[in-house]
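Dear colleague,

Please find below the structure I am handing over to you, together with its sequence.

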Amino acid sequence: MSFLQLRSSSSYDFILLSYATVTTQAASSVTASTATGNGTVVTQGGSAVTVRGFVWSSSNSNPTLADSSVTSGSGTGVYTGSITGLAGTTLYYYRAYATNGIGTAYGDVMTFTTTETATAFFMGRMLMGMGI
């Protein structure tokens, strides 16, 4: 979606405003309770990107700002964010987002699965060693 905005009433200078262009890269450093989000704001869309970050959910395959989120600065370029408070051995849907004067744009949805918690891992190993 794009909009035209008149810059000055004394001239006919117009600028084209649109949503920012955002891409989502694979999450990294995934543990049982945290992950690092990776994204890029490719273009601002004619209006400054005032906030960017990541959204995620274990139940909503199309996460939005109504789900869990973290902010990570503003403007264009590559950025990362700490995704925290995750449950172990769980599939998460996540994507990058950027907000400008037009609204919020989202990158493609990607998934990651958190690792097993240390307690569950060691309990499983202990029970296996006991022959249970």
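Where is Ser72 found? In this predicted model, Ser72 lies in the loop that runs between strand S6 (68–71) and S7. Its relative accessibility is 15%, and because the limit for a buried residue is under 20%, Ser72 counts as buried.

Which residues does Ser72 touch, if those up to four places away in sequence are not counted? They are Arg52, Gly53, Tyr79, Thr80 and Gly81. With Thr80 there is also a polar contact: a polar atom of the Ser72 side chain lies 2.4 Å from the backbone oxygen of Thr80. Between the C-alpha atoms of Ser72 and Ala96 the distance is 10.0 Å, and these two residues are 24 apart in sequence.

I turn now to the chain as a whole. The protein chain has 132 residues, of which 33% count as buried. Among contacts between residues at least 6 apart in sequence, 61% join residues at least 24 apart. The accessible surface is about 7300 Å², and carbon and sulfur atoms account for 55% of this surface.

Next comes a sheet. Three strands form an open sheet in the order S3-S4-S7, paired antiparallel. S3 and S7 are at the edges and have a single partner strand each, so one side of each has no neighbour in the sheet. On average, neighbouring strands of this sheet are turned by 25 degrees against each other, direction ignored. S3 and S4 are joined by six bridges; in one of the pairs, Thr24 has Gly39 of S4 as its bridge partner.

In soluble globular proteins, nonpolar side chains tend to be buried together. The largest nonpolar core here has 17 residues, and those touching the most other members are Val22, Ile83, Leu86, Tyr94 and Phe112. Two or more residues each come from strands S3 (21–28), S4 (35–43), S5 (51–57), S7 (77–83) and S8 (91–99). S8 gives the most, with four residues. Apart from its neighbours within four places in sequence, Phe112 is in contact with Ala27, Val30, Ala35, Ile83, Leu86, Thr90, Leu91, Tyr92 and Tyr94.

Yours sincerely

Key: Residues numbered from 1 in each chain as written. Predicted model: local features only at pLDDT ≥ 70, side-chain atom pairs only at ≥ 80, totals over all residues. Heavy atoms only, no water. Core = buried A, V, L, I, M, F, W, Y, C linked by side-chain atoms within 4.5 Å. Buried < 20%, exposed > 50% of the residue type's maximum accessible area, 1.4 Å probe, protein only. Contact = heavy atoms within 4.5 Å. Areas by Shrake-Rupley, 256 points an atom, 1.4 Å probe, with all protein chains shown as cover. Pairing = 2+ DSSP bridges. Axes fitted to C-alpha atoms, helices over the stretch in contact; angles between N-to-C directions. Polar contact = N/O pair within 3.5 Å; in protein donor to acceptor, adjacent residues only side chain to side chain.
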